[in-house]
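Good morning, and thank you for the time on the agenda.

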Amino acid sequence: MNWFLQKLKSLLINNWFNNNELKQINESFNNSVYSYWDFFIKINTKPDWLFLEYEYNILKSIENRFAPKSLFYWDFIHDDIRYYILVLQKLDWRNIDYEWNNLSNNEKGSLIKDIVTIVKQINSYKHEDFDFERKKYDLAQNIEYNYKLMQTNPLLDKFKTDNLYKDFMNLKEHINNSNCYLIHNDLWYKNILANDWKLSGIIDFEISIFAPKEFELFKILHHRISAQNYIENWWVDYTEIEFMEMLLKEISVNYEEIYQYSNIVEEFYLYNVNTYFQRLTRYNEDWYRQGEVENFCDKICDLDRCRDLLNSLK
């Protein structure tokens, strides 16, 4: 491995972004991702970017054949810029958004079953199974933090947000504070790889969290809602809708444990409130559209709607 590390260092330090031996692939919103021999290289230069080191530790700990093998993490400073680098072993891969429309219904069903099987394996790892520094996800703490941070948003609807915060204060005792498990936290079809319609891996663990198992379901539902909003706003045929619906149906049939928490409706509601608050804090970012953020709140930040949505999955 030392020879490879030295070779990679040489490539990176000598204007890596212009080097023919590194092929850039655009499959990540958060990092620059390169292909080099049998490796994937994720690179970031954001200040205090610790997610790649976190992902390295997660992947080293689980050693799952359906997750990339984490080879090494490295950071260094060059020309006053700090580079954060994660090197992964390549999987036989093609994001399933490239494959989905070419699959038969039986192939789609088989692939979805395999995905849920692997998700259950990922969710079986407990917080205490890992020996590196990591935190449990604290939903109540996140709501408090985002509520304070969003107050600087000049478009903030104070009446709406204050009422949601009151709901949080009344319902926060319903948050599940029992065992925390590894939650991938970003299961959409660009993070799922297939080869000849068979599952080859699940990637991008950098925003994974340790939380109750139902949080995996909550995030998948958010992806489903985002996909539907995309269709409504852009009037396009978005194949991820079918994928998400099949995935949610398979979870409801073969992953009943994820629904077992008795106060899951109230917890899902507060999870959505936190997501709304979090989006309001990001009003300075280029992607931000106040109307879209409010549309999300109107659709999902309602206790009865949360109940109906969860019941519709069973």
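In which strand does S35 lie? S35 lies in strand β2, residues 32–36. Helices here are DSSP runs of H or I of at least four residues, strands are runs of E of at least two, and both are numbered from the N terminus.

Before going further, a word on the basis of these values. This is a predicted model, in which local features need pLDDT of at least 70, side-chain atom pairs count only at pLDDT 80 or more, and totals for chains, interfaces and linings use all residues. Residues are numbered from 1 along each chain as its sequence is written, and side-chain values use heavy atoms, with hydrogens and water left out.

Overall, the protein has 11 helices and nine strands. Of its 314 residues, 51% count as buried; buried means under 20% relative accessible area, exposed over 50%, and partly exposed in between, with a 1.4 Å probe and protein chains only.

Returning to S35, this residue is buried, with a relative accessible area of 12%. Its side chain makes a polar contact with the side chain of K90, at 2.6 Å. A polar contact is a pair of N or O atoms within 3.5 Å; within protein, one must be able to donate a hydrogen and the other to accept it, and residues adjacent in sequence count only if both atoms are side-chain atoms.

E250, in helix α8 (residues 240–254), is likewise buried, with a relative accessible area of 12%. Leaving aside residues up to four places away in sequence, E250 touches I112, K113, V116 and Y255, where contact means heavy atoms within 4.5 Å.

I turn now to helix α5, residues 139–149, where L139, I143, N146 and Y147 are buried. They cover an arc of only 105 degrees around the axis, which puts them on the same side of α5; the arc is that of the directions from the helix axis to the C-beta atoms. On the face turned away from that buried side, α5 carries the exposed residues Q141, Y145 and K148. At the start of α5, a side-chain oxygen of D138 reaches to within 3.2 Å of the backbone nitrogen of A140.
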